[in-house]
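Colleague: I'm new to this one. Could you walk me through how to read it?

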Amino acid sequence: MTNNGKYTSTKIACYAGYFVQAIINNLASLFYVIFQDEFGLHYSQISWLILINFVSQIFIDFTSVKIIAKVGYRVSIVFAHIFAAAGLILLGILPRAFGNHYIGLIIPIIIYAIGSGLIEVLVSPIIEGLPLSNKSGEMAFLHSFYCWGQASVVLITTFAIKFIGTENWIYMPMLWAIIPIINMFAFMRVPIVPPVPEGESEMRIPELFKEPTFIICAILMLCAGASEIAMAQWASTFAEKSLGVSKFTGDLLGPCLFAVLMGSGRVLYGSFGDRLNLRRVLSFCAGLCIVSYLTTSLVPIPIVSLIGCGLCGLSASTMWPGIFSLAAKVFPKGGTAMFAMLAMFGDFGCAFGPWITGILSDAAQANPSITMDPLKFGLIFCIAFPILMIILLNFTKSMKKVK
């Protein structure tokens, strides 16, 4: 009980860290139609922006392990928030300041992606290191704050844009930068415990990849990232362009419903997850994800398609934190390297899922023989990721702890 009270401030700072990551990964997606109208971007150009964001995070996931080992968790997490705030501020300045608007979008995206990548690598092991019971439940509850961040970003930004006008979108990234600035100061003070006790060595990256079990977990993370982010990134544009609803209504019933249901699923699993079989929960969620993508893409009724978007959020709720917990149980000394590599593969999925959706959507738009709506055509192919998850989860039945 004392320990829980002692580390409350650490948990709150970690929750806020995932809130910051949600701002970074979801704010720009609300402006895709604005970018198309103001800067003349195509679907494929937008998909490249998504890819650049997550590829930058992948690079940080891979290269940060040795840096974190040298400078420590506290310095690393503080700098993560500095990059996050700087990127958001520049997102509101550079696109209109540069003659090449596209470059003006790419630069801040890379800067805040560095912050997001570091947050992803650091926050989960910080929570894993705390002396808490029900670690898988705590991990799910932690990741729920990404969802509440996503929902807050959608709600507040959508209402703000409605009142200040789409031409004033540049002020929203600057306002959202206040949160990482505040949380930066919080992480300067809170107590931090390394995920692997002092005196014990963490597993190294080559050791992890020698384990077939870890490779399965890594591919599962890729599928989880693609399943979640393909819908999250395109939901706003899909609602407005493909379903013909207003931006205000589409954002509330698309990405906002997605985030609320994903957060609710994570809170429920955080509360009752210790009583459930994690592998079965993940298999059920993957099956529900297939249904949600098919519903969104194939049902011709707009409101049902939007409900499909929301169900995708519920289906993705336990994927990312659940696979983290699965790997942490099997590799108790995985430490920073394990979380970094899992985050890297998750970001591979986050990059590839939305990117392939945009590329296929542009291809459908350019091909007169394809009568299906371009974005629906792109999204329907995303069922490949949850299908692969179900197949791989069958190989996790005999997972044993690696000493």
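Colleague: Let's begin with charges. Which residue forms a salt bridge with Arg 266?

Modeller: Keep in mind that this is a predicted model. To call a salt bridge, look for a side-chain nitrogen of Lys or Arg within 4 Å of a carboxyl oxygen of Asp or Glu. Here the partner of Arg 266 is Glu 228, with the closest N and O atoms 3.6 Å apart. Arg 266 sits in helix 13 and Glu 228 in helix 12, so this pair links parts of the chain that are 38 residues apart.

Colleague: Are Arg 266 and Glu 228 buried or exposed?

Modeller: Both of them are buried.

Colleague: How many salt bridges does the structure hold?

Modeller: There are 3. Another one joins the side chains of Glu 38 and Arg 96, at 2.8 Å from N to O. That pair also links distant parts of the chain, with Glu 38 in helix 3 and Arg 96 in helix 6, 58 residues apart. Glu 38 has 33% relative accessibility, so it counts as partly exposed, and Arg 96 is partly exposed too, at 37%. Then there's Glu 207 with Arg 204, where the closest N and O atoms are 3.7 Å apart. Arg 204 is exposed, with a relative accessible area of 58%.

Colleague: On to the rings. How many aromatic pairs turn up in the whole structure?

Modeller: A search finds 20. To sort a pair, check the angle between the ring planes: under 30 degrees is stacked, over 60 is edge-to-face. Take Tyr 15 and Phe 145: their planes are at 0 degrees and their centres 4.4 Å apart, so they're stacked. Tyr 15 belongs to helix 2 and Phe 145 to helix 8, so the pair ties together parts 130 residues apart in sequence.

Colleague: What kind of pair do Phe 141 and Phe 145 form?

Modeller: An edge-to-face one, with 80 degrees between the planes and 5.6 Å centre to centre. An α-helix has 3.6 residues a turn, so residues three or four places apart point the same way. Phe 141 and Phe 145 are both in helix 8, 4 residues apart, about one turn of the helix.

Colleague: Last one: where does helix 4 bend?

Modeller: At Ser 64, by about 50 degrees. Helix 4 covers residues 43–71 and reaches 40 Å from its first C-alpha to its last, close to the 42 Å expected. Just after helix 4 comes Gly 72, with a positive phi of about 95 degrees.

Terms used. Residues are numbered from 1 along each chain as its sequence is written. This is a predicted model: local features need pLDDT of at least 70, side-chain atom pairs count only at pLDDT 80 or more; totals for chains, interfaces and linings use all residues. Side-chain values use heavy atoms; hydrogens and water are left out. Rings of Phe, Tyr and Trp (its six-membered ring) pair if their centres lie within 6.5 Å; planes under 30 degrees apart count as stacked, over 60 as edge-to-face and the rest as tilted. Helices (H or I, at least four residues) and strands (E, at least two) are DSSP runs, numbered from the N terminus. The expected span of a helix is 1.5 Å times one less than its number of residues. The bend at a residue is the angle between axes fitted to the seven residues ending there and the seven starting there. Buried means under 20% relative accessible area, exposed over 50%, partly exposed in between (1.4 Å probe, protein chains only).
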